[in-house]
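Dear colleague,

I am passing on a structure for you to look over, and my notes on what was found in it follow below. Please read them with the model open beside you.

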Amino acid sequence: GYRASKTAVNMVGTNLKHDLAPKGIAVALLHPGLVATDMTGGTGISPADSARGLIQCIDRLDLANSGAFWHAEGYELPW
């Protein structure tokens with residue numbers, strides 16, 4: 001169920017990309033990476049580092065890359 005919900009969110013984002021493009025609105029699909037939280041047992045990068053990476057991805061967002069799935073480290077993820 002967890003993985004299916006993540007796929008569903010990406011599909012909603014892809015549909016939003018198509019629906020909002022005529023209005024000039026870009027859509028970001030973002031993966032924060034493995035973030036050190038209770039869920040990961042403290043394993044991973046700090047939430048602050050993840051947030052910095054996500055902000056950089058958002059800063060690069062435009063209509064040309066709208067709907068792409070980006071990792072917080074700046075590379076595009078296939079899905």
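**Salt bridge and its surroundings**

D49 has a relative accessible area of 39% and is therefore partly exposed, a class that lies between buried (under 20% relative accessible area) and exposed (over 50%), with a 1.4 Å probe and protein chains only. Before going further, please note that this is a predicted model, in which local features need pLDDT of at least 70 and side-chain atom pairs count only at pLDDT 80 or more, while totals for chains, interfaces and linings use all residues. Residues are numbered from 1 along each chain as its sequence is written, and side-chain values use heavy atoms, with hydrogens and water left out.

The side chain of D49 meets that of R52 in a salt bridge, with 2.4 Å from N to O; the term stands for a side-chain nitrogen of Lys or Arg within 4 Å of a carboxyl oxygen of Asp or Glu. The structure holds 1 salt bridge. Both R52 and D49 belong to helix α2, residues 47-59, where they sit 3 residues apart, about one turn of the helix. R52 is likewise partly exposed, because its relative accessibility is 48%.

**Overall layout**

The secondary structure comes to 2 helices and 3 strands, where helices (H or I, at least four residues) and strands (E, at least two) are DSSP runs, numbered from the N terminus. Read from the N terminus on, the elements run α-β-α-β-β. Taken along the principal axes, the C-alpha atoms fill a box of roughly 45 × 30 × 20 Å.

Of the 79 residues in the protein, 25% are buried. The protein exposes about 5,300 Å², of which carbon and sulfur atoms supply 60%; accessible areas come from the Shrake-Rupley method with a 1.4 Å probe, and for residues only the protein chains shown count as cover. Among the contacts (heavy atoms within 4.5 Å) with a separation of 6 or more, 47% are between residues 24 or more positions apart.

**The largest pocket**

About 390 Å³ of space lies in the largest pocket, the volume being the space filled by probe spheres set on grid points that are joined across faces, edges and corners. A pocket here is an open set of points, on a 1 Å grid over the protein atoms alone, with protein on both sides within 12 Å along at least five of seven lines, and lining residues have an atom within 4 Å of a point.

The lining of the largest pocket has 14 residues, and Y2, K6, H31, P32 and G33 are those nearest its centre. This lining divides into 8 nonpolar, 5 polar and 1 charged residues, with Ala, Val, Leu, Ile, Met, Phe, Trp, Tyr, Cys and Pro counted as nonpolar, Asp, Glu, Lys and Arg as charged, and the others, Gly among them, as polar. Helix α1 (2-20) and strand β1 (29-31) each supply at least two residues of the lining, and α1 gives the most, with 4 residues.

**Individual residues**

F69 counts as buried because its relative accessibility is 13%. Its C-alpha atom is separated by 5.7 Å from that of L30, 39 residues apart along the chain.

T14, in helix α1, is buried as well, with a relative accessible area of 18%. Leaving out residues up to four places away in sequence, T14 touches L29, G67 and W79.

N15 also has its place in helix α1, but at 38% relative accessibility N15 counts as partly exposed. N15 and V27 are 12 residues apart in sequence, and their C-alpha atoms are 9.6 Å apart in space.

G24 lies in the loop between α1 and β1 and is partly exposed, at 47% relative accessibility.

With kind regards

Conventions. 1 Å grid on protein atoms, 1.4 Å probe; cavity = no way out; pocket = protein on both sides within 12 Å on 5 of 7 lines; lining within 4 Å.
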